[in-house]
Amino acid sequence: MRQQGQAGDAHWSGRQVWTLLLLLLVLSSNYIDRSLLGILQEEVKADLGFSDTHLGLISGPAFALFYALAGLPTARFAERRDRVRVLSVLVAIWSGMTMLCGLAMNFMQLALSRAGVALGEGGCTPISHALMSERFALRQRGRAMAVLASSSAVAAITRSSAAPAADVS
């Protein structure tokens, strides 16, 4: 008996479409979230009394380091566990840490919260790719990955259209 999504299937199943849409939403949100501090940096700077150095540290090297380091262990962990559950936990961590960023009252609180965001977000891409290879046959994967790769463009369009609404002055 041939399984759904095996080589030769020309069309995607409902489960495959659902998987792709959810992963597109997760990765698009990931891109948007990474850019929020840059969009709101002047407001954050004024509200918390930060210097340009503070903002640079929180949005640059510190975030990038935690983001990059999170991918390897979470991908390895997801090889042994249910990938959907691991991805769900990562999204919950990143969402909770994003909320804590909004509650931060000083540099250390925001820095630790941003590190938590980076840890949550950093594992999402490798797990998303693993889910794609698990749920899409080799002959379907190219188109599916192309859709998933558009998440940065979807994020840019969404961010651009939402930016005027974010005017807090």
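**Burial, contacts and ring pairing**

Q: Why is Val-154 called partly exposed?
A: In this predicted model, Val-154 has a relative accessible area of 32%; since buried means under 20% and exposed means over 50%, a value in between is called partly exposed, and Val-154 is therefore placed in that class.

Q: Where does Val-154 lie, and which residues is Val-154 in contact with, leaving aside its neighbours within four places in sequence?
A: Val-154 belongs to helix 9, which spans residues 151-162, and, with neighbours within four places in sequence set aside, Val-154 is in contact with Leu-24 and Ser-28. The C-alpha atoms of Val-154 and Leu-25 are 9.0 Å apart, although 129 residues separate the two along the chain.

Q: How do you know whether Ser-28 is buried or exposed?
A: The relative accessible area of Ser-28 is 6%, and because the cut-off for buried is under 20%, Ser-28 is classed as buried. Ser-28 sits in helix 1, residues 14-39.

Q: What makes the approach of Ser-28 to Ser-151 a matter of polar atoms, and which residues is Ser-28 in contact with beyond its sequence neighbours?
A: A polar atom of the Ser-28 side chain lies 3.3 Å from the backbone oxygen of Ser-151, a distance that can be set against the 3.5 Å limit used for polar contacts. Leaving aside neighbours within four places in sequence, Ser-28 is in contact with Ser-151, Val-154 and Ala-155.

Q: How many aromatic pairs does the structure hold, and why is the pair of Phe-50 and Phe-107 called edge-to-face?
A: There are three aromatic pairs in the structure. For Phe-50 and Phe-107, the ring centres are 5.9 Å apart and the planes stand at 75°; because rings pair when their centres lie within 6.5 Å, and planes over 60 degrees apart count as edge-to-face, the pair is edge-to-face. This pair links distant parts of the chain, with Phe-50 in the loop between helix 2 (41-48) and helix 3 (52-59) and Phe-107 in helix 6 (residues 107-122), 57 residues apart.

Q: What makes up the secondary structure of the chain, and what share of its residues is buried?
A: The chain has nine helices and zero strands, and buried residues make up 33% of its 169 residues.

Terms used:
Residues numbered from 1 in each chain as written. Predicted model: local features only at pLDDT ≥ 70, side-chain atom pairs only at ≥ 80, totals over all residues. Heavy atoms only, no water. Helix = DSSP H or I, 4+ residues; strand = E, 2+ residues; numbered from the N terminus. Buried < 20%, exposed > 50% of the residue type's maximum accessible area, 1.4 Å probe, protein only. Polar contact = N/O pair within 3.5 Å; in protein donor to acceptor, adjacent residues only side chain to side chain. Contact = heavy atoms within 4.5 Å. Phe/Tyr/Trp six-rings, centres within 6.5 Å; stacked < 30°, edge-to-face > 60°.
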